Amino acid sequence: MSPAVAALFAALLAAVAFFGRHPHAYPSLSASLARKGSLSAAGISRRCLRGPAGGPLRDTRQSLRMKGKLLIPGEDGLDDEGTFTPFMKPLTKVEREKYGKPKIMLRNLRFGAGPWMERAEMVDILLRSGVTPESIIEDGGIGGMEQGNWRVALEVLRTLEELGCPDEVLEYFRSDDDMADVVFGLRTTPKEIRVRAAEYAYSREFDRRDTEAMSKFITDYERMPEAMKEHFGFTPEDCMALRFYIQASESTDDGCYNQYVQRARNSGASEAAMKKFDELDMMTQEERRKIIYQFKHDTEEYDRALTTSILGFEDFGV
């Protein structure tokens, strides 16, 4: 036996002997030792622990439940503030009282009561008050991925409201449960163009796939070299036209080329942007491919991924 292990063993024996001679020092611990005959974590009572003010520390085990168990603030020994939820914004008094008790919110989620924004807010409040995602799945019928998507969509909708998005666009996004997916598709658009993108998605009646494709085109635009986007403005229409311009320039099939050009013309792009397509029509296929080839090999900031079509032409129409 090494000296360190021997010293530790001796210390444990001394501690056991001390508690045996002085049972009044830590009654709960001494009682446990008397029952078990050894020092164990199960024998340590939280009544033996004292906080800075001399009061008992909150038993952190009270905030732990087995996976899938419903945590209800105000019940099962939990206080009205709910359980500890790290990295989440604390609930305000208004939020705690807005939709009633957690069990009521879970029932409303189960039966689809109210518009999607209200149910998304219920999910957010439940999670921030300590209800587990598993409980929301089991008792509210809302899947884990759907919970996350709804919360993100709700935040995007709130930013649109703060940025002054027109009322008819906001009402459109609030009108149907499917609109939650459309709003979710706007999550990556920069705030300075988010309202414009929302109006464009509204005018074209985009679904989630269309909206996410548009958002991808917008974020790609910001990373492209200035020379490539010289005649294309930072608008949803021109960002989409620029993507189609790249795809048309690289196309080796006349049928696909015509599809890309037609999409660009249907996108509502600016006159300056459409002049670039008029120039393409005057070029041979080899001349068109040299345009993008030049940017690929002469511009360091060019991202090769931007020239790869993320969708087949049958998947996205404008």
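**Exercise 1. Find which residues of helix H6 (residues 133–140) are buried, and work out how they are arranged.**

Step 1: Ser 135, Ile 136 and Gly 140 are the buried ones in H6. Buried means under 20% relative accessible area, exposed over 50%, and partly exposed in between (1.4 Å probe, protein chains only). Helices here are DSSP runs of H or I with at least four residues, and strands are E runs of at least two, numbered from the N terminus.

Step 2: Look down the axis of H6: the buried residues fall within an arc of 100°, so they line one face of the helix. That arc is taken from the directions from the helix axis to the C-beta atoms.

Step 3: Now for the partners. The buried residues of H6 pack against helix H4 (102–110), helix H5 (116–128) and helix H7 (144–162), where contact means heavy atoms within 4.5 Å.

A quick note on the model: it is predicted, local features need pLDDT of at least 70, side-chain atom pairs count only at pLDDT 80 or more, and totals for chains, interfaces and linings use all residues. Residues are numbered from 1 along each chain as its sequence is written, and side-chain values use heavy atoms, with hydrogens and water left out.

**Exercise 2. Describe the largest nonpolar core and the surroundings of Met 214.**

Step 1: The largest nonpolar core has 67 residues. Such a core is a set of buried Ala, Val, Leu, Ile, Met, Phe, Trp, Tyr and Cys residues joined through side-chain atoms within 4.5 Å.

Step 2: Trp 116, Ile 136, Phe 173, Met 214 and Phe 277 have the most contacts inside it. Ile 136 is also one of the buried residues of H6.

Step 3: Leaving aside residues up to four places away in sequence, Met 214 touches Leu 186, Ala 197, Tyr 200, Ala 201, Phe 206, Pro 236 and Met 240.

**Exercise 3. Locate Glu 205 and say what its backbone does.**

Step 1: Glu 205 sits in the loop between helix H10 (191–204) and helix H11 (208–223).

Step 2: Its phi is positive, about 55°, although Glu 205 is not a glycine. Most residues other than glycine have a negative phi.

Step 3: With a relative accessible area of 63%, Glu 205 is exposed.
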